Amino acid sequence: MLKYLPYPISVLRLGASRQVFCTNKLNVHSKNCPNKLSFDCFKPKIFQRSFSSDECHSEDETTVPSNKTLDIKSITNGDPQLEHKFKVLLLETEVLRQEGCRIPSNDFLKEHHWKQLLQLDSKSARRKLLEFTFRVQKKRESQQLKKELKRKERGEKPLVPESQGALIYDLSHNSMLLRVYDSTIDNFHNWRALQASMFGQKIVIDCGYDTEMTVRENSNCAKQLMYVFSENRKHDDPFDVYFCNMKRDTILFDTLKKSIPTMDEPWFPMNVYECSYLDLFPKDKLVYLTPHCREVLYEYDHDAIYIIGAIVDKTNPEPLSLAKAKKEGLKMAKLPLDRYLQWSSGSGKSLAINHVINILLDIKTTGDWHYALQHVPTRKVEKVITKSSTKRFGGRLSFDKDSGLFEEKKEAFWKPKWLNKSKDSRMKSEENNTDVGRQINIKKILND
Amino acid sequence: MWCWRVSCTLNSRSLCGVYVNFVNLSRHFSSLRTTRSVKEDVLPLLLPPDLQDSKANDWTSIRNNVKENKDVPLSTVDFVILNYCCSTKQYSLGIKFWKYLEEAGIKPNLATKRKYLYLLYKCSRTSGKREETQILKLCDDIQKEYKVLDPTTSEHVAQALSVTKCWRQGIKLLDEVKITATPTTETYSAVAAAAFENLENELGLEIVKEIIEKDRKPLDYVYMSYFSQIKSNSSYKHAREKIEELFKFLGQYDLIFNQKDAEVFVQYCKEWTDSASLTVVNKSGICKSCSQKLEKVTLTEIEFEQLKNDFLENVIIGKDVFNKTNPKELEKLQQFLKSNKKYDVVIDGLNVAFSAGVKSPQTFAFLVASVVKHFVENNKKVLVVGRTHMKKWPKNYWNYIAHNADLFLVDCLSQDDPYLLYCALNSKNETVLVSKDLMRSHLFRLNTFNQKGLFKRWLMQNQWKLQYVSKDGKVSFMHPLPYFRTIQKNLNVWHIPYESNKTKEFKRNNPNYASYTTEWACIKFPTAT
């Protein structure tokens, strides 16, 4: 519950004290230190008040010394114009704070925040970013509070009764149940990814669009790439994923590196290349998956090397991947979304990169688009255009033969039962390829 | 859950933190969602109802009231109160509050100071009584205290200074603002108005130009100060020259004015003219008030050529040729245009085909063939632009189209609209373009304000929209208006297009209803003798 409350109320409930920062008059032109800006001039006064007490405190303003200094030179690279702009922004944030806007405290604003602020050239854009950062700050503070509260609730660790030489049988001591560590699971998944790099089908993620995206889009994209990696290696039969055109020192790379710090290690099963896919693979095998083309991917080709463009295009509607594929003379294809799904009105036909990789993973193993396209988010789909094969794998909708109506199933997502069955029965079900045979087969499964 | 919602709404910019005061009221306000209603509904409750006659101790009690809750620093409360006075236009109340602050010896912060400056400026503009000494003192204080100013403060200072003798500083401040943000229309207008008032016409017009090129309209008091300056010191001849100069200047930009602007024009021009009134122009372009016929404004050859080149560069090629087409196709187009003569009509094949909705290829081909037939029978030279897949249409109609019109078909992966527009632009100035598309995405690609204006002008006067095709192939179009909506001089009469508040509201309620405003201001100068 606490998680969903905004900061002030949650603190109120906790009965903890609340602090409101307001700063003294600002001296942006500090004379003594031309390059280092001292934050001593922002010594925040803190109005402290506990909500439980009724009595009014007189203005008990305590000053907290803050020795934080920001290195202007590293933010502005010694550019006098930027330095001037930085000073202006500093004053702007301060006045916004005076107006009662939700602005994070100066301690919280780090170098990268200022760098990002310097790039924005409208007041509202900066205020939005500051407000967003404020939320982040408050969220972190309340998390910290919750953590401490939990620690208090938990109390001290119970003392282990001293045993005189004998073993203690307990979950955290000696037990026959082995603990499976996170690292063990990790190693297992990595092993799968390594196997795929030897025997699996290859797939390319084209990360060369970072210049076309905004900062926010770049970081969203990096997050999706992280999901691509993790969801791929979790799958029964993963792809051998190549991240191509990945330039170092871009926002995309840095953000991805933040979430996967080991991605550069030689032992890590992740292929990151700065070069293009054209240098790695024969051109005739490459197929660029782009939503803007006209060819539809009805038949999944197990020999082809599919390319997915790593673009988050919230602001830029241009067909970038189409242009690239056209320029390089590659084959193109798009997912058969229109054939199997009825798109609900108002939602764009764009999919996240991790959704696309999930779809491809499933189409590769099942060969059934109805099953694979379950990874399209439900909010985007009005209804599934059913065919008999949906019955086989259990789509989101099933066809009631008697009434002839589409009936929604409660479970939105479930694995086909035959996946759990032994290999023999799977072979059998594929032999009964006629519709009647299939129905009988389904009845059998249901009876089971 | 109600707590959550209320805190959300109340955490608006000006009220952040004050809400603890209103936990009891919160149920009442839980239905309010927008910040605007919070500002309007909650603040009057914060302030006592007889605020108008409030004395000093009332202010103390109000501030104390907030202080008791201590959620927000007192300095912010001062800002909130001043902000409330500004937004509800109770300027005298704000001045009273400021007096109280001074008497009580409370030092306001920068946020409060700059809001008060804004209040003084608004007060001076509306009442005419100028608080020069106070403004100058406050501005001086601020500028001494801070060596750099943030954009909003600079703007408020510039606005306030515009009603004083130091208005020239505003221009410097505008440049200062431009480093970190775009100045608001209000600041620009304030400085421009100050320039006009101080007889610096050229400077004022330059600032007005800057506003217009940012795709905004100057506020009405800019025109007011322009006219009032004429009124105070000139003869009839001079006044007429000055007025015509303004109209000529504004005529370059195809603006549609607000009702307020039009009223200002009419009101001030009445003194110098035979008649000046707001009127209506009928469909064939005849003004009801002076029965003059309004004219078309065609592009000059140079403008036309310039538009053509800009279009090729920005729209078809753009950042990457491959986005919309490919280099081979572009070359094919150049070859095609070289070898062919100028066309009278350019038809957007696919737009015409789909104008009846998604139907069979038979229908598509029939529609295009009917349109082609209509023009061919009138002895026009016709070009149809489309995509290669159109070749698969039923042969009976397709053969007719191919025989009677020239074809330019692009790849299925390319966009046909840019080619269509380029072909039309490459023909003659008066070539007709048949398409229902508004071409907004292509307009957006043009870079400068000037280019956009030319393109709009050309499209508005050359585009025919297909309305209806009967079963026996008779075609009807929506023709462009026989006159163009921009400031124009017909003999001695100036016509200025405007949009009344009524029309604006109607448009807001019916966004899909395509209507041309027919409202004009008609200003008639006596014939020179």
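Colleague: Which residue stands opposite A:Ile307 in β10(A)? I mean the one on the A:Tyr288 strand side.
Modeller: A:Tyr288 stands opposite A:Ile307. Keep in mind that this is a predicted model.

Colleague: And what stands opposite A:Ile308 in β10(A)?
Modeller: That is A:Leu289. Strand β9, residues 286-289 of chain A, pairs with β10, residues 305-309 of chain A. The sense is parallel, over four bridges.

Colleague: How many bridges join β6(A) to β10(A)?
Modeller: Four, and the two strands run parallel. In that pairing, A:Val204 has A:Ile307 in β10(A) as its bridge partner.

Colleague: What holds paired strands together in general?
Modeller: Backbone hydrogen bonds, in either a parallel or an antiparallel arrangement.

Colleague: What is the strand order in the chain A sheet?
Modeller: The order is β8-β7-β6-β10-β9-β11. These six strands form an open sheet, with parallel pairing.

Colleague: Which are the edge strands?
Modeller: β8 (271-272) and β11 (331-333) of chain A. Each of them pairs on one side only.

Colleague: Back to β10(A). Is the strand enclosed or open to the outside?
Modeller: Largely enclosed by the rest of the structure, because five of its five residues are buried. A:Ile305, A:Ile307 and A:Gly309 point one way from β10(A). A:Tyr306 and A:Ile308 point the other way.

Colleague: Which helix lies across β6, β9 and β10 of chain A?
Modeller: Helix α11, residues 353-366 of chain A. The helix runs at about 160° to β10(A).

Colleague: Cysteines next. How many disulfides are there over all chains?
Modeller: The count is zero.

Colleague: How exposed is A:Cys275?
Modeller: Partly exposed, with a relative accessible area of 25%.

Colleague: Where is the nearest cysteine sulfur to B:Cys423?
Modeller: In B:Cys412, 17 Å away. B:Cys423 is in no disulfide. B:Cys423 also counts as buried, at 0% relative accessibility.

Colleague: Over to helix packing. What is the angle between α22 and α24 of chain B?
Modeller: About 85°, with the axes 13 Å apart. The two helices are therefore roughly perpendicular to each other. α22 covers residues 417-426 and α24 covers 449-462.

Colleague: Which residues make the contact?
Modeller: From α22(B), B:Leu421, B:Ala424 and B:Leu425. From α24(B), B:Phe455, B:Trp458 and B:Leu459.

Colleague: Give me chain B as a whole. How many helices and strands?
Modeller: Chain B has 25 helices and 11 strands. Of its 529 residues, 54% count as buried. The accessible surface comes to about 25,200 Å², and carbon and sulfur atoms account for 51% of that.

Colleague: Now backbone angles. What is the phi of B:Lys89?
Modeller: Near 60°, a positive value in a residue other than glycine. B:Lys89 is in the loop between α5 (74-87) and α6 (91-103) of chain B. At 61% relative accessibility, B:Lys89 counts as exposed.

Colleague: And where is B:Asp215?
Modeller: In the loop between α12 (201-213) and α13 (220-232) of chain B. B:Asp215 is not a glycine, yet has a positive phi of about 65°. B:Asp215 counts as exposed, at 64% relative accessibility.

How values were computed. Residues numbered from 1 in each chain as written. Chains lettered and ligands numbered in written order. Predicted model: local features only at pLDDT ≥ 70, side-chain atom pairs only at ≥ 80, totals over all residues. Heavy atoms only, no water. Disulfide = S-S within 2.5 Å. Buried < 20%, exposed > 50% of the residue type's maximum accessible area, 1.4 Å probe, protein only. Areas by Shrake-Rupley, 256 points an atom, 1.4 Å probe, with all protein chains shown as cover. Pairing = 2+ DSSP bridges. Contact = heavy atoms within 4.5 Å. Axes fitted to C-alpha atoms, helices over the stretch in contact; angles between N-to-C directions. Parallel < 35°, antiparallel > 145°, perpendicular 65-115°, else oblique.
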